Amino acid sequence: MPDEESAVGSSVEAVFREERGRLLASLVHRFGDLDLAEEVASEAIEAALVHWPTDGVPSRPGAWLLTTARRRAVDRLRRDKVLATRLAVLRAEAERADPAPPADADRDLPDDRLALFFTCAHPALAAPDRGALTLRFLAGLTTVEVARAFLVPPATMAQRLVRAKRKIRDARIPFRVPGDDELPGRLPTVLQAVYSVFTEGYAASSGPDLQRVDLADEAIRLGRILRRLLPAEREVAGLLGLMLLVHARRAARTGPDGAMILLDDQDRGRWDRPMIEEGRGLVVVALTGPAPGPYGVQAAIAALHDEAADVASTDWPQVVALYDVLLNLVPSPIVALNRAAAVAMRDEPEAGLALLDELADDPHLRGHHPYPAARADLLRRLGRYDEAAEAYRSALTLVGTEPERAYLLGQLRAVTAE
């Protein structure tokens, strides 16, 4: 029977991975404590591994897990009066702030994930903790997997998660969806938490690989959840569209040996066309209406890249115009850097280099290797090889991943030979 047990185990894992965020959100909504929710959710999974091989996987596995977990939580609270009293106080406060009837555990698993999104991405939490909590409780990653995502030891991540949960408890951060008056101010924090996960997957900060596709996939899955939960929010559509349009190029960004391939040299036939079409549709949603947001504008820029047959035929004037809009929305040196690169393509390398030189003293760019790498590329195109070599050396002191390092070393050797 090992094959059958293995199949059931796989079913449990698949169900739990898919339902984990909803299960935890429902438990936190009911009991008001992340630690308790985690513990009884794990006990429910253990129970499923015992009962499902003999009884079969239930028709509504999520509801089965929730019912089991809630019973375990009630048993725990009966034994621990101190915990029960503390949670009762928190629960009463939450009910006064946002009264809502408890979910019926015998029905389909309720979807309280939107409240969990806002809890994990609360402004009172440190930015790295928001991303870690989002991956742990909404993407369903284990502590070890979250540690791998943030490139820290599992023990360090475990301590970070404990600290963040303690902050939620001690600061009495409410488990609820913000009201209409609060939503515009709180939603960007949630979107940034998801996007930070994606950017680490798309362009790893360090390590042997240029990109971490599994992490980018998780961010897109979170984006899809948010899109279902907040269908009227155009910036949610913009974020999901941006991630899809960028992730569509994943297969062409590296060679068989993992070497980095720049946009100019990518085989666009390997780009994921269905993903691009889905992303383009979301751009339309994000830009329909007044005052587009930064994610919608970035998605529109990504769409222009994906629609072009090659780099030369890209609509660079429109790309620059969109960067102008984005720079007004988000006055960031990173946006200014990207705009300068686009200006160099629209006009000439000298124009882009002049804009980059204006950013030379910005402290945010000093430790950011794309800045000297962009200068080196423009200097190389202008035939100023000694200066290009110096810029490549500067970039090499800052670069994090091995494929980027190998690319920059190759460029350095080329300009040195010139």
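This is a predicted model: local features need pLDDT of at least 70, side-chain atom pairs count only at pLDDT 80 or more; totals for chains, interfaces and linings use all residues.
Helices H9 (residues 183-202) and H10 (residues 213-229) pack with their axes 6 Å apart and at an angle of about 155°. The two helices are therefore roughly antiparallel, since angles over 145 degrees fall in that class. Their crossing is left-handed. On the H9 side the contact is formed by Val190, Leu191, Val194, Val197, Phe198, Glu200, Gly201 and Tyr202, and on the H10 side by Val213, Leu215, Ala216, Ala219, Ile220, Leu222, Gly223 and Leu226. By class, this contact comprises 13 nonpolar, two polar and one charged residues.

The count of salt bridges comes to 25. One of them pairs Arg76 with Glu39, with the closest N and O atoms 2.4 Å apart. Because Arg76 belongs to helix H3 (residues 61-79) and Glu39 to helix H2 (residues 34-55), this pair ties together parts 37 residues apart in sequence. Arg76 counts as buried, at 16% relative accessibility, whereas Glu39, at 39%, counts as partly exposed.

Asp75 is partly exposed, with a relative accessible area of 33%, while Arg78 is exposed at 57%.

A further salt bridge, between Asp272 and Arg250, has an N to O distance of 3.3 Å. Both residues lie in the loop between helix H11 (234-247) and helix H12 (273-287), 22 residues apart. Asp272, at 22% relative accessibility, counts as partly exposed, and Arg250 is partly exposed at 24%.

Note on methods
Residues are numbered from 1 along each chain as its sequence is written. Side-chain values use heavy atoms; hydrogens and water are left out. Axes are lines fitted to C-alpha atoms, for helices over the stretch in contact, and angles run from 0 to 180 degrees between N-to-C directions. Helices (H or I, at least four residues) and strands (E, at least two) are DSSP runs, numbered from the N terminus. Angles under 35 degrees count as roughly parallel, over 145 as roughly antiparallel, 65 to 115 as roughly perpendicular and the rest as oblique. A crossing is left-handed if the near helix is turned anticlockwise from the far one by less than a right angle, and right-handed if clockwise. Contact means heavy atoms within 4.5 Å. Ala, Val, Leu, Ile, Met, Phe, Trp, Tyr, Cys and Pro count as nonpolar, Asp, Glu, Lys and Arg as charged, and the others, Gly among them, as polar. A salt bridge is a side-chain nitrogen of Lys or Arg within 4 Å of a carboxyl oxygen of Asp or Glu. Buried means under 20% relative accessible area, exposed over 50%, partly exposed in between (1.4 Å probe, protein chains only).
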